[in-house]
Amino acid sequence: MKEIQNDALRQQLIDQTGYTECFSVDVPCDTRLFHVAAGDYIVREGNQPSYLFYLARGRAKLYATLPNGRVSLIDFFGAPCFIGEIELVDANHEPRAVQAIEECWCLALPMKQYRPLLLNDAIFLRQLCVSLSRKNYRNIVSLTQNQSFPLVNRLAAFILLTQHDNLYQEKHTQAAEYMGVTYRHLLYVIAQFTHEGLLLKQKNGYTINDKKKMTALALEMDPENNFTDIIH
């Protein structure tokens, strides 16, 4: 992650995302701009973030290391949204890792300087409540989908959410755990996708070969999600 000194781009992202509408205090003067390459970290697990981030462009994933050493995927983020808001509200919260799936651009406010102001900012706290309720609702919907739809639909959506430049590289163990299926079942469906030409096996993952059919499978489960915006 690298701070970028580009006032024009910073202002463009502020204007495009409605960033200032999230606050009653004047924040643009202290807002910084960060570029995060695909695979890099916005927040590292166990390290308190120095900034409250606002994801202006890109997609990221949240995961945690469990006591037994296993890494568990928790959620996915798409712009625009806050990252680090839990650590802002609760300074004792153990940070989870947030990793960029693709190139990300983040607006950022210094956490230490702005914590007292934001925790007394009614507009920001309202935005935070709405954001957290949406994340909670999304997790409930995801749980319901895991119980109601076959793995072919769920895996198609998962692949579209996690791919970068049409390449799917998630670890099978983490994907199986996230979707609540066995490792063997996951491999069976991936082999099915490969056999049917939806995926092409590569040395470093799987290329999405049939975007149209993969998207159609995902939309059967989640018709309100515009997966076509993810695939370029």
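The model is a predicted one. Most residues other than glycine have a negative phi, and most peptide bonds are trans. The backbone points below concern a cis peptide bond between A79 and P80, a positive phi at D165 and a positive phi at N166.

**Cis peptide bond**
- The peptide bond that joins A79 and P80 is cis, with an omega of about -5 degrees, and P80 itself belongs to the loop that runs between β6 (71-78) and β7 (81-83).

**Positive phi values**
- D165, which is not a glycine, has a positive phi near 55 degrees, and this residue sits in the loop between α5 (151-162) and β10 (167-168).
- N166, likewise not a glycine, has a positive phi of about 70 degrees and is placed in the loop between α5 and β10.
- D165 has a relative accessible area of 62% and is therefore exposed, whereas N166, at 15% relative accessibility, counts as buried, the cut-off for buried being under 20%.

**Packing of α5 with α8**
- The axes of α5 and α8 (residues 211-221) come within 8 Å and cross at roughly 115 degrees, which means that α5 is roughly perpendicular to α8; the crossing is left-handed.
- On the α5 side the contact involves V152, N153, R154, A156, A157, I159 and L160, which meet M214, T215, L217, A218, E220 and M221 in α8.
- By residue type, the contact of α5 with α8 is made up of 9 nonpolar, 2 polar and 2 charged residues.

How values were computed:
Residues are numbered from 1 along each chain as its sequence is written. This is a predicted model: local features need pLDDT of at least 70, side-chain atom pairs count only at pLDDT 80 or more; totals for chains, interfaces and linings use all residues. Side-chain values use heavy atoms; hydrogens and water are left out. Helices (H or I, at least four residues) and strands (E, at least two) are DSSP runs, numbered from the N terminus. Buried means under 20% relative accessible area, exposed over 50%, partly exposed in between (1.4 Å probe, protein chains only). Axes are lines fitted to C-alpha atoms, for helices over the stretch in contact, and angles run from 0 to 180 degrees between N-to-C directions. Angles under 35 degrees count as roughly parallel, over 145 as roughly antiparallel, 65 to 115 as roughly perpendicular and the rest as oblique. A crossing is left-handed if the near helix is turned anticlockwise from the far one by less than a right angle, and right-handed if clockwise. Contact means heavy atoms within 4.5 Å. Ala, Val, Leu, Ile, Met, Phe, Trp, Tyr, Cys and Pro count as nonpolar, Asp, Glu, Lys and Arg as charged, and the others, Gly among them, as polar.
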